[in-house]
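Let's walk through this structure together, starting with a contact between charged side chains and then moving on to the ligand.

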Amino acid sequence: MSTRSQKQYTLILPLDLQRRRILLGMKLRGFGVHKYNGFGGKIEPGETPHDGALRELHEESFLHAVPESTHSTGSLLLRTHADTAALDLYIHVFIATEWTGEPVETDEMRPEWFDVDSLPLEDMWEETTSWMPGLLKRWVDGKRASVGHCVGFNGGMDKGTKEWSVWHGMGGGKIRWWDEEWSDDEWRLLVKEWEEEGAGVMVRN
Ligand SMILES: Nc1[nH]c(=O)nc2c1ncn2[C@H]1C[C@H](O)[C@@H](COP(=O)(O)OP(=O)(O)OP(=O)(O)O)O1
């Protein structure tokens with residue numbers, strides 16, 4: 001039986017379909033500092049991932065996403081092999097296509113709009129760059145796609161903080177796209193396949 005523990009997070013991406021642009025935030029403190037990403041954080045006890053995503057978006061940017069236009073668009077399983085704590089992060093990804101309010105800078109995030117064809121990839125998590133451009137491109141082209149990404153990390157240098165971190169040094173991963181609806185069963189199957197293949201441990205000489 002696995003002795004790993006798991007922390008669940010949300011990540012929500014406000015996507016302006018008409019203008020083909022996405023609101024990202026420069027993280028000003030804490031986990032992921034100095035990187036652009038969507039908005040999100042830990043899911044609180046008793047909260048659904050959907051509720052958590054809406055709450056975090058408001059806390060970090062002051063936007064109120066319309067719940068019916070906030071779609072579950074995939075899951076990320078991040079597993080570090082560099083930490084004796086044996087921790088997995090499970091991130092629930094959402095795209096919001098309608099909201100009210102204007103983005104405001106908060107203590108945690110400085111929001112900025114980007115054309116979906118020119119994301120600030122150099123200043124993002126390496127992991128995120130492997131799926132975000134493809135996901136946004138599918139949506140602005142009219143496909144309600146979802147993504148699953150299971151990936152292992154061996155530890156490495158964080159360009160932003162100049163410090164070693166267990167969430168860098170990306171090893172093997174498994175990515176899958178669903179062009180329409182996806183289900184928990186499909187996600188579980190992807191995780192199972194990935195674990196059977198060795199859970200993304202990089203073979204080092
Ligand atoms: N490799 C990765 N790829 C990705 O796309 N998002 C990642 C990621 N690693 C972390 N994230 C996201 C998930 C989440 O939205 C955010 C981290 O959340 P926060 O630090 O804001 O959470 P906390 O809830 O701990 O903080 P507070 O908001 O201060 O409570 O970074």
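With which residue does arginine 20 form a salt bridge? The partner is aspartate 141, and the closest N and O atoms of the two are 3.5 Å apart. This pair links distant parts of the chain, 121 residues apart: arginine 20 is in the loop between strand 1 and strand 2 (21-27), and aspartate 141 is in the loop between helix 3 (132-140) and strand 9 (146-153). Helices (H or I, at least four residues) and strands (E, at least two) are DSSP runs, numbered from the N terminus. A salt bridge here is a side-chain nitrogen of Lys or Arg within 4 Å of a carboxyl oxygen of Asp or Glu, and the whole structure holds 20 of them.

A word on the basis: this is a predicted model, where local features need pLDDT of at least 70, side-chain atom pairs count only at pLDDT 80 or more, and totals for chains, interfaces and linings use all residues. Residues are numbered from 1 along each chain as its sequence is written, and side-chain values use heavy atoms, with hydrogens and water left out.

Now to the ligand. A backbone N or O atom of glycine 40 lies 3.1 Å from a ligand oxygen. Strand 1 (5-16) gives the most to the shell around the ligand, with 3 residues.

How values were computed
A polar contact is a pair of N or O atoms within 3.5 Å; within protein, one must be able to donate a hydrogen and the other to accept it, and residues adjacent in sequence count only if both atoms are side-chain atoms.
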